[in-house]
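Here are some notes to read beside the structure. Please keep the model open while going through the points.

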Amino acid sequence: MSGLSFYLATQRAIDNMSGIITRNPRFTAPKLLVGCFDESGKWKDSEGVFVFAGGIFPQPELQALTAKWYERITQDDLSHTSMKEAMHFHGPYAKWKSSPEKRDSVIRDLTTLIMDATMLRVSSPLDRSTSDAFKALPQQVRKSLGNEPYYAAFESCILGALHSRTDTLLHIVCDLSVEYSEKCVTTFHKIRSARPDVKERCVGLAFADDERHVGLQIADLIAYCARADALRGTKQPAPLVQEIIHRFATQDATEHSVIYHSQGKGIGDATFE
């Protein structure tokens, strides 16, 4: 096997990232971007589909979007939102099990906020073929990739975010995952050590409670829908999720590949195409 390739998709909102300098006077010099990322699914489960995804925001935009997000969810007395909880009527959505139209209204409005925001959506879905290819790699190669494809998908999204704008710095925020957060720090340092561009432009890595951080709730929605889209070969998305996927698809998208060669050094040594 020659190596492993990770698919990466980026989508710009209508008031897009490339236009924030020239068209929007509020963001004349957006020096710092905030990248909020979350995962959906487990690569070792029976479905074998895992997604790492999120949103990239100018810092003032995330602050403004946070205010709009809380204004909408508190209208219906929701403390936070999660797509898994929404689709299964758990957590704050449990009260609407017999009124799905109320849930749908909230999720549609939140999707509109995402689509109208000055931001970039980034997703790296791992389908079953990618998971199987990872399992088939020699042990030494898997070890160089952190023994899980999660960390390569993490690097893929960082590279996609940096590629979207070359004149900005990036601060990364991830979910407080017990399973991944500690090793994510090690991976981050490894990427920065191996890639001068990342060391120069990635200024920090933080972890936050997704019930308290709107950027992570947005990342959750993006990742959930990206995974549902990747699963459609074996399971059709729920109607509400399919509607969101279709709406997202109306905005500009760019596809890339992040390739790890079998003779390479693993994390920090990917080719971005």
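**Notes on the model**

1. Phe89 counts as buried, because its relative accessibility is 14% (buried means under 20% relative accessible area, exposed over 50%, and partly exposed in between, with a 1.4 Å probe and protein chains only). Phe89 sits in the loop between α2 and α3. Helices here are DSSP runs of H or I with at least four residues, strands are runs of E with at least two, and both are numbered from the N terminus. Phe89 is not a glycine, yet its phi is positive, about 55°. Most residues other than glycine have a negative phi.

2. This is a predicted model, in which local features need pLDDT of at least 70 and side-chain atom pairs count only at pLDDT 80 or more, while totals for chains, interfaces and linings use all residues. Residues are numbered from 1 along each chain as its sequence is written, and side-chain values use heavy atoms, with hydrogens and water left out.

3. Asn147 also deserves a look: its phi is positive, about 65°, although it is not a glycine. Asn147 lies in the loop between α5 (139-144) and α6 (149-164). Asn147 counts as partly exposed, because its relative accessibility is 41%.

4. Which residues of the largest nonpolar core touch the most other members? They are Trp69, Met83 and Ile218, in a core of 40 residues. A nonpolar core is a set of buried Ala, Val, Leu, Ile, Met, Phe, Trp, Tyr and Cys residues joined through side-chain atoms within 4.5 Å. Among the elements that each supply at least two residues of this core are β3 (50-58), α1 (59-75) and α3 (100-116). The largest share, nine residues, comes from α9. In soluble globular proteins, nonpolar side chains tend to be buried together.

5. Ile218 is in contact with Phe57, Leu65, Trp69, Ile114 and Met119, leaving aside its neighbours within four places in sequence (contact means heavy atoms within 4.5 Å). A second, separate core has 36 residues, including Leu33, Ala153, Ile158 and Leu170.

6. The largest pocket holds about 610 Å³ of space. On a 1 Å grid over the protein atoms alone, a pocket is an open set of points where a 1.4 Å probe fits, with protein on both sides within 12 Å along at least five of seven lines; lining residues have an atom within 4 Å of a point. Grid points are joined across faces, edges and corners, and the volume is the space filled by probe spheres set on the points. The lining has 24 residues, and Ser40, Gly41, Lys84, Tyr224 and Arg227 are the closest to the centre of the pocket.

7. Which helix gives the largest share of the lining of the largest pocket? It is α9, with five residues. β2 (32-40), α2 (83-88) and α9 (214-230) each supply at least two lining residues.

8. Ala230 is also found in α9. Ala230 counts as partly exposed, because its relative accessibility is 32%. Ala230 and Val51 are 179 residues apart in sequence but 8.6 Å apart in space, C-alpha to C-alpha. Ala230 touches Val49 and Pro125, not counting residues up to four places away in sequence.

9. The disulfide count is zero, where a disulfide is a pair of cysteine sulfur atoms within 2.5 Å. For Cys174, the nearest cysteine sulfur is that of Cys184, 4.6 Å away. Cys174 counts as buried, because its relative accessibility is 2%.
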